[in-house]
Each structure stands twice: as structure tokens, then as C-alpha cells.
Amino acid sequence: MAEKWWQRSVVYQIYPRSFQDSNGDGIGDLPGITSRLEYIRALGADAIWLSPVYKSPNDDNGYDISDYQDIMTEFGTMADFDAMLEKAHALGLKIVMDLVVNHSSDEHAWFVESRASKDNPRRDYYIWRAGKNGAAPNNWGSCFGGSAWAYDEKTDMYYLHLFSKKQPDLNWDNPVVRDEVFSMMDWWLQKGIDGFRMDVISLISKPAGLPDGVPGPTGYASFELCANGPHEHEYLREMNRRVLSKYDLLTVGECAGVTLEEAKSYANLDGSELSMVFQFEHMGADFHPVLGRYAEQCKNLPKLKEILSRWQRELDGVAWNSLYWDNHDQPRIVSRYGSEKEEYRERSAKMLATCLHMMQGTPYIYQGEELGMTNYPWTSIDQINDIESLGNYRDLHARGLMTEAEGVEMMRRRSRDNARTPMQWDAGENAGFTTGTPWLPVNPNHTFINAAEQVKRPDSVFHYYQKLIALRKELDVVVYGHYRLLEPEHPALFVYTRTLGEESLLVVCNFSESEQAYQIPEEYRGAEILIANYESPAPAGTLRPWEAAVYRRRG
Ligand code: TEU
Ligand code: CA
């Protein structure tokens with residue numbers, strides 16, 4: 001099969017609100033992004049995924065869109081967007097836009113009409129049902145806490161919202177909705193953008209009859225029961241036929257609830273649906289087995305390895321993987337699987353990067369990950385803006401399942417705001433993000449974790465990422481090599497090989513701060529070391545704290 005450009009690419013994700021402010025209002029914006037494109041180019045990334053920049057009342061920071069063909073007021077104008085796109089392309093950077101079409105904002109003109117009356121021509125753009133015995137039509141819960149149904153007095157009916165009340169779900173079973181979405185997509189593609197990251201695209205086809213589901217700890221059934229619904233692949237194939245196939249795009253479906261078997265359709269190499277998906281299985285590897293994502297972290301390296309390895313093995317030659325540790329919804333990976341301790345932070349950040357970037361698939365780097373940015377030391381619930389961790393905290397608190405002190409602890413570990421504090425550009429006031437008051441606080445560690453310092457220092461995390469990206473450009477074995485896990489049960493070491501013809505790599509990662517006894521396989525002893533996070537090779541039979549090394553063998 002001919003290589004696709006996105007198979008050798010590395011994508012850099014920007015969360016515009018937190019990237020760079022240009023006018024001192026404390027909110028990142030498009031001119032700010034434009035002014036930092038050279039930085040992303042210098043890192044070596046090929047494409048940028050822009051979290052939503054469309055018109056939005058910001059109930060969920062842009063994931064609630066009120067006009068798909070206009071720009072959020074705080075972010076600038078369409079002219080600012082065009083200028084950004086033009087400069088990105090001039091620098092050789094592709095632009096992948098977020099596409100949020102499972103739902104719109106309740107302030108979108110479609111929904112305003114839809115809720116106006118039962119016989120409005122746009123009524124069926126959304127999902128309306130009558131209540132059941134004076135309550136919601138079924139027991140589905142919103143991802144952000146509470147019921148997934150909102151009562152609307154005007155017509156005495158409920159509308160479905162798998163996310164916030166201000167994010168009503170679009171009715172994809174209505175062909176007119178699909179026409180609207182597809183023509184909007186085409187409008188952006190005509191402008192010259194290079195792809196879409198499709199927000200919760202796995203949820204667009206709801207189960208027939210909208211039946212009750214099994215209730216979880218808060219009494220509601222998980223929104224994930226809408227994943228991979230009856231018409232999911234049919235609608236994506238239609239989208240592909242009518243829109244995507246006319247361009248050469250990177251498309252990545254954010255697929256909450258996707259299984260490996262489903263991913264083989266979504267991301268099939270035959271190109272009939274999408275280029276790749278974001279799966280969530282590995283993100284759940286440290287969730288509490290019974291109490292789930294908001295309870296204490298339960299790290300389990302063998303489980304993490306089993307999940308990632310299964311995706312590596314099973315998609316090889318069939319579909320394409322995406323590779324990620326971080327995004328705007330996840331806590332920072334250094335705080336999660338690495339070490340925040342001064343003596344280990346950078347070493348662990350480089351180890352985590354090595355482990356991910358040497359796998360098969362397209363790696364994604366979330367802004368600040370290339371600096372080893374960490375979670376924020378929240379001290380109060382009042383500091384939190386994130387609608388998801390707040391909503392779930394309120395549910396758990398109201399049911400007596402989480403005290404306020406535990407809530408703060410949970411926020412430090414899990415809130416999406418850990419990823420959303422401003423990008424740390426320099427050691428100065430507000431980390432060079434804004435001259436005003438930042439919309440979320442700047443992490444106090446920006447005085448020693450920042451881009452300006454790392455770009456200057458050759459052994460920084462930034463330069464390490466740069467090297468990993470360069471290796472993917474140079475070596476076919478990094479792009480296409482077959483994957484094999486070694487030491488599956490080892491509690492602290494993640495070891496795997498990649499093999500393509502005569503060439504092979506051994507990737508060795510120590511996920512702990514203690515020394516680990518380990519003999520590398522004989523065939524790799526004395527082999528060339530492609531990249532490592534210690535200056536000297538490991539003493540025979542040992543791996544040092546957070547050590548990572550990649551050995552290369554030919555023939
Ligand atoms: O996220 C969808 C999703 O499944 C998330 O709920 C995710 O599982 C969770 O946030 C992890 O903690 C997408 C966007 O990425 C997110 O920012 C939006 O809030 C959400 O959709 C609604 O648009
Ligand atoms: Ca601004």
C-alpha cells in the first residue's frame with residue numbers, strides 16, 4: 001500500500017485558549033498561535049490539531065459550537081484564521097481542525113428553531129422524547145454528571161445531551177442533518193485545511209429505541225452505551241464517500257467506547273472510513289477497578305502494556321494506530337506515570353516519550369508535553385473551571401461519596417484543567433502567555449519548566465522530542481516495524497521490539513524510580529544506541545531510574 005503522509009507524521013495539539021494570548025485579555029487566540037508556529041516547526045511536528053476555534057458560548061470551552069462557519073470572538077476573526085492557515089502552510093505545517101458534530105451548542109440557530117415548536121422544520125435536527133412518568137425518557141447519564149436529558153417547558157418534552165445541557169445531541173438519523181454537516185465540512189476543506197479530528201464521533205448513532213442501560217455508581221447508565229451504534233459505520237462511510245475521499249486528509253475519530261474490533265472498521269487501511277481513531281482503553285489502565293476514573297489512581301504497568309501491545313499487534317497491517325499520552329482532557333503524563341521530583345522529572349518525561357514514539361502509529365504531542373509540563377497544585381474546588389470534573393465531583397459529593405478535601409485531591413490527579421493551564425513559554429510573569437490576567441492560573445513551576453530555557457539547552461526534554469520525531473522521518477522500522485512485547489509480566493519495565501526485514505529495534509523503558517535488574521537480549525548487546533535518556537550506556541545487567549534506551553540491530 002502506498003504510504004500516506006500522516007503515517008510518517010507527528011501531530012502537535014493546540015488548545016487555543018491556553019496557548020498564546022496576543023492582546024492581553026488573558027485568553028489565548030489565533031494571532032497568538034500564528035506568532036508561535038515557528039516553534040512547532042522547530043520541534044519537527046508536521047501537523048497541528050487545533051481544538052475548536054468556532055463561535056461558541058463556551059459552556060465547554062468551544063466544544064459547544066453555535067456557528068460552525070465563524071470564529072470565536074475571543075480568538076479573533078476569520079481573517080486571523082486565514083492568516084494562520086497561510087503561514088502554517090508556508091512553514092510546511094498542516095492544519096487539522098476539530099469537528100464537533102455529535103452535538104452543537106443550544107445557542108446554535110438550528111437548536112433555537114428546533115426547540116421553538118414541535119412542528120418546526122428543524123425539530124428533528126435534535127433528539128426529542130416525551131417524559132416517562134413525569135421523569136426523563138430513560139436512565140442515561142451525561143458525561144458531565146446528572147441525567148442526559150433536559151426538560152424543555154415550551155413543548156413539554158425532553159432533549160438528549162450526552163454532555164452538558166448546553167450541548168444537545170444532533171440527530172444523525174435525519175438525512176438533512178447529515179447533508180448540513182457534510183456541506184459545512186466541505187466548506188472548510190475548500191478553504192484548504194488538511195483534516196479533521198472528530199469529537200466523540202463514535203457516539204453519533206444512538207441505539208434503536210433508546211433503551212435503559214445498566215446504572216453505574218451515580219445511578220445513571222454511562223453515555224458510552226451510545227458508542228458504535230447501529231448506523232455508525234454506515235454514516236462514516238457516507239461521509240467518506242461524499243466528502244473525505246475528495247481530498248488527501250488526516251482524519252482521526254475520537255472514539256469513546258471503541259473496541260479493537262470496531263477500530264478495524266473505523267481506521268481500516270482501505271480508507272473507507274477514517275485514517276485512525278483515538279482509543280481510550282490505555283487511558284483507563286490506571287482507573288480504580290470498581291470505582292472508576294475519579295477514585296484513587298491504580299497504576300498497573302502489566303495492564304497498560306497488555307492494552308497497548310494488543311492494539312499494536314492487532315491493527316498491524318489492518319488499520320492504523322494513533323499514539324497519545326496527553327490531550328486537553330487528560331492529566332499530564334509526567335504527573336501520572338512519571339515523576340514530578342526535580343531529579344527525575346525530565347528523565348521520566350523522556351522515558352515516557354520514548355516508550356510511545358517508538359510504537360507503530362501516528363504520535364500526538366499535546367502542548368507543553370514536549371517540555372515535561374506537570375499537573376497544577378490545586379488547593380480549592382473554586383479554582384476549577386472544567387465542567388467535567390466539577391460536574392462529577394458535585395454528583396459524588398452530593399451522594400456522600402467524596403468529601404471536599406478528597407475532591408481537591410481528585411482535581412490534582414484528574415481534572416482536565418491540569419492540561420489547560422497556560423503554556424509555559426518563559427520564566428517571566430505569567431510564563432509569557434499573557435500580559436493580562438490568565439483565564440486559568442499559570443503553574444508556579446514555569447520559572448524552571450519553560451520553552452525558552454529548554455530550546456537553549458541541548459539535553460532538554462524539548463530536544464529529546466525533536467530527536468524522536470527526526471527518527472520517525474529517517475527510519476522505516478519506526479513507521480512500519482512489527483511490534484513484539486517482551487517481559488509482559490514485569491511490574492516496572494516496558495520492553496518491546498520492532499522489526500522490519502533485517503532491521504530491528506529494542507526499546508527498553510524503566511517505569512520506576514528504582515534500579516531494575518535486566519539483561520538485554522544477547523543479540524542487542526553492543527548494538528548501536530539510537531537514542532537514550534542517560535549520557536552513558538547502562539551498566540551491564542541494570543537499568544537506572546526512569547532509564548530509556550533504543551538499540552538498533554541490522555542483519
Ligand atoms: O471528549 C469526549 C470524551 O469522551 C471525554 O468525555 C473524555 O472521555 C473525558 O473528558 C476524559 O476525562 C470530547 C472532548 O475531547 C472534550 O473536551 C469535550 O468536553 C467532549 O468531547 C464534549 O464535546
Ligand atoms: Ca487574547
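This short report looks at salt bridges in a predicted model.

Side chains of opposite charge can pair when their charged atoms come close. In this model, the count comes to 40 salt bridges.

| Pair | N to O distance |
|---|---|
| Glu 38 and Lys 87 | 3.1 Å |
| Arg 416 and Asp 60 | 3.1 Å |
| Arg 457 and Asp 459 | 2.9 Å |

Let's start with Glu 38 and Lys 87, whose side chains meet in a salt bridge. Glu 38 sits in helix 2 (residues 37–43) and Lys 87 in helix 3 (residues 78–90), so this pair ties together parts that are 49 residues apart in sequence. Glu 38 is partly exposed, at a relative accessible area of 40%. Lys 87 is partly exposed too, with a value of 24%.

Next come Arg 416 and Asp 60, also joined by a salt bridge. Here distant parts of the chain are linked, 356 residues apart: Arg 416 belongs to the loop between helix 12 (404–414) and helix 13 (417–420), while Asp 60 belongs to the loop between strand 3 (54–55) and strand 4 (67–71). Both Arg 416 and Asp 60 are buried.

In the last pair, Arg 457 meets Asp 459. Arg 457 has 23% relative accessibility and counts as partly exposed; Asp 459, at 43%, counts as partly exposed as well.

Which residues do salt bridges with shared partners join into one network? They are Asp 60, Asp 329, Asp 386, Glu 388, Arg 416 and Arg 420.

How values were computed:
Residues numbered from 1 in each chain as written. Chains lettered and ligands numbered in written order. Predicted model: local features only at pLDDT ≥ 70, side-chain atom pairs only at ≥ 80, totals over all residues. Heavy atoms only, no water. Salt bridge = Lys/Arg side-chain N within 4 Å of Asp/Glu carboxyl O. Helix = DSSP H or I, 4+ residues; strand = E, 2+ residues; numbered from the N terminus. Buried < 20%, exposed > 50% of the residue type's maximum accessible area, 1.4 Å probe, protein only.
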